[in-house]
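Student: Could we take a close look at one part of this protein, the nonpolar core, and see what is built around it?

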Amino acid sequence: MQNKTCRKSSSCLQNFKDQRYLIRCLLVCTALFSCGCASSYSSQGVKYSGKNTKIYTPLPIRAHEDKLVQMLETISTLLGTDYHYGGESIRGFDCSGFVQYIYKDTFEAHLPRTSRQLSKIGAKISPEKLKRGDLVFFRLNSRQIDHVGIYLDRNLFAHASSSRGVTMGNLDNRYYKKRFVKAVRLLEITASSRQ
């Protein structure tokens, strides 16, 4: 029995190492093949509900492409962090708390707190046009949007899973493909200022 447990935890550890390796590969690809992109949607101040009158970061959030590398590095360090309902710190995240943390840490942006509120901001984009940093939304356990992740590359996205903590998912996976609702872009990326 103990051997099975060791094998199982060894397999989990290998899966975790594979995910970190994949993030590192994405970092290298970003550094080597980075290119600027632009968006045509106008700036908007995000404000929601009469109960919460906090003003959020105007959209689109403008940033240099090297911020995307920083975002991937931060996600890499958080892989394996525990899931915690309502969590928004390195002690534990829920899905929207994870997104909020990454955007605040990387882009100094303040976003709405829930996945449903996040799905109402930004520019809606088709899955074929996804770029790093875009948000992807799902209906996992409800008729309404109840899950969000951050798109990385090659149909991979980072998210806080209730069963696995901070991990990566694949939009081609049957489970996520069936539950995918929409994607939005909050970022306007410009070419790196490095010479």
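**A look inside the core**

Tutor: Happy to! In this predicted model, the largest nonpolar core has 35 residues, and those with the most contacts inside it are Ile61, Phe98, Tyr103, Phe107, Leu135 and Leu186. As a rule, nonpolar side chains in soluble globular proteins tend to be buried together. Several elements each supply at least two residues of this core, including strand 3 (61–64), helix 2 (66–78), helix 3, strand 7 and strand 12 (187–190). Helix 3 gives the largest share, six residues.

Now zoom in on Tyr103. Leaving aside residues up to four places away in sequence, Tyr103 touches Ile61, Glu108, Ala109, Leu111, Gly133, Leu135, Leu186 and Leu187.

Follow Leu135 next, and you reach the strands. Leucine 135 stands opposite valine 184 in strand 11. Strand 7 (residues 135–138) pairs with strand 11 in the antiparallel sense, over four bridges. Strand 11 (residues 180–185) also pairs with strand 6 (residues 123–125), again antiparallel, over three bridges. In that pairing, alanine 123 has arginine 185 opposite it.

There is also a second, separate core of ten residues, with Val136, Leu140, Leu171 and Tyr176 among them.

Finally, come back to helix 3 from another side. The largest pocket has a volume of about 450 Å³, and helix 3 (95–107) is one of the elements that give two or more residues to its lining. Of the 21 lining residues, Tyr83, Cys95, Ser115, Asp146 and His147 lie nearest the pocket's centre. By class, the lining has eight nonpolar, nine polar and four charged residues.

Key:
Residues numbered from 1 in each chain as written. Predicted model: local features only at pLDDT ≥ 70, side-chain atom pairs only at ≥ 80, totals over all residues. Heavy atoms only, no water. Pairing = 2+ DSSP bridges. 1 Å grid on protein atoms, 1.4 Å probe; cavity = no way out; pocket = protein on both sides within 12 Å on 5 of 7 lines; lining within 4 Å. Points joined across faces, edges and corners; volume = space filled by probe spheres on them. Nonpolar A, V, L, I, M, F, W, Y, C, P; charged D, E, K, R; others polar. Core = buried A, V, L, I, M, F, W, Y, C linked by side-chain atoms within 4.5 Å. Buried < 20%, exposed > 50% of the residue type's maximum accessible area, 1.4 Å probe, protein only. Contact = heavy atoms within 4.5 Å.
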